[in-house]
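Thanks for asking me to look this one over.

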Amino acid sequence: MIVTERKTDVFNQRAGGKGETIMEHIVDEKLYGGKIITYARVILKPGCSLGLHKHVGTSETMYLLQGTGLYNYNGKESTLHAGDVTFCPENESHSIENIGNDDLMIMALIVNTKEE
């Protein structure tokens with residue numbers, strides 16, 4: 001199957017963050033029958049951020065494709081670069097901010113951890 005239809009969402013101050021979060025969905029969540037909530041390329045322009053949020057019933061893996069980000073995992077901050085991978089399990093919190101001069105591009109995978 002080749003996926004040809006894609007959706008892009010633009011959120012202002014997502015999870016209390018700064019500026020816009022652009023989310024380019026790779027595939028519709030229905031394709032995975034509810035197991036995958038989001039599989040998307042996320043773009044944060046310089047100075048923009050995805051605010052601190054807790055994963056309830058989900059976990060998230062992020063793979064940085066481009067740029068430099070300040071990552072907060074439960075209060076511990078780290079600087080991330082292209083090629084870095086993060087994992088935020090269920091009931092944990094994280095945020096990320098673009099602290100570089102170029103767009104921060106991330107592949108985000110949010111998995112449903114609830115048993116059906």
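The points below go from the whole chain to single residues.

1. **What we are looking at.** This is a predicted model, in which local features need pLDDT of at least 70 and side-chain atom pairs count only at pLDDT 80 or more, while totals for chains, interfaces and linings use all residues. Residues are numbered from 1 along each chain as its sequence is written, and side-chain values use heavy atoms, with hydrogens and water left out.

2. **Secondary structure.** The protein has ten strands and zero helices. Read along the sequence, the pattern is β-β-β-β-β-β-β-β-β-β. Here helices (H or I, at least four residues) and strands (E, at least two) are DSSP runs, numbered from the N terminus.

3. **Overall dimensions.** For 116 residues, a compact globule would have a radius of gyration near 13 Å, and the protein's 14 Å agrees with that. The radius is taken over C-alpha atoms, and the globule rule is 2.2 Å times the number of residues to the power 0.38. Along its principal axes, the C-alpha trace spans about 35 × 30 × 25 Å.

4. **Burial and surface.** Of the 116 residues, 38% count as buried. Buried means under 20% relative accessible area, exposed means over 50%, and partly exposed is in between (1.4 Å probe, protein chains only). The protein exposes about 6900 Å², and carbon and sulfur atoms supply 49% of it. These areas come from the Shrake-Rupley method with a 1.4 Å probe; for residues, only the protein chains shown count as cover.

5. **Contacts and charges.** Among contacts between residues at least 6 apart in sequence, 60% join residues at least 24 apart; contact means heavy atoms within 4.5 Å. How far apart are the mean positions of the positive and negative charges? For the 11 positive and 16 negative charges, the answer is 2 Å. Lys and Arg count as positive and Asp and Glu as negative, with His and the chain ends not counted. The place of a charge is NZ of Lys, CZ of Arg, CG of Asp or CD of Glu.

6. Start at E1 (8–12), which runs antiparallel to E2 and is joined to E2 by five bridges. Asparagine 12 stands opposite glutamate 20 in E2. E2 (residues 20–25) in turn pairs with E3 (residues 36–44), again in the antiparallel sense and over five bridges. On that side, methionine 23 has valine 42 as its bridge partner, and glutamate 24 stands opposite arginine 41. E3 also pairs with E10 (residues 104–112), antiparallel over eight bridges, where the partner of tyrosine 39 is leucine 109. Two strands count as paired if DSSP finds at least two bridges between them. As a reminder when you look at side chains, those in a regular strand alternate between the two faces of the sheet.

7. **Leucine 44.** Leaving aside neighbours within four places in sequence, leucine 44 is in contact with Glu20, Thr21, Ser49, Leu50, Ile96, Asn98, Asp103 and Leu104. Aspartate 102 is 58 residues away in sequence, yet the two C-alpha atoms are 9.0 Å apart.

8. **Cysteine 48.** Cysteine 48 counts as buried because its relative accessibility is 11%. Beyond its neighbours within four places in sequence, cysteine 48 is in contact with Lys18, Gly19, Glu20, Glu97 and Asn98. Its C-alpha lies 13 Å from that of methionine 23, which is 25 residues away in sequence.

9. **Histidine 53 and alanine 15.** Histidine 53 is found in E4 (residues 49–54). Not counting residues up to four places away in sequence, histidine 53 touches Ala15, Glu60, Glu92, Ser93 and His94. Alanine 15 itself sits in the loop between E1 and E2 and is partly exposed, at 37% relative accessibility. Its phi is near 55 degrees, a positive value in a residue other than glycine.

10. **Asparagine 91.** This residue also has a positive phi, of about 70 degrees, although it is not a glycine. Asparagine 91 lies in the loop between E8 (85–88) and E9 (93–98), and is partly exposed with a relative accessible area of 42%.
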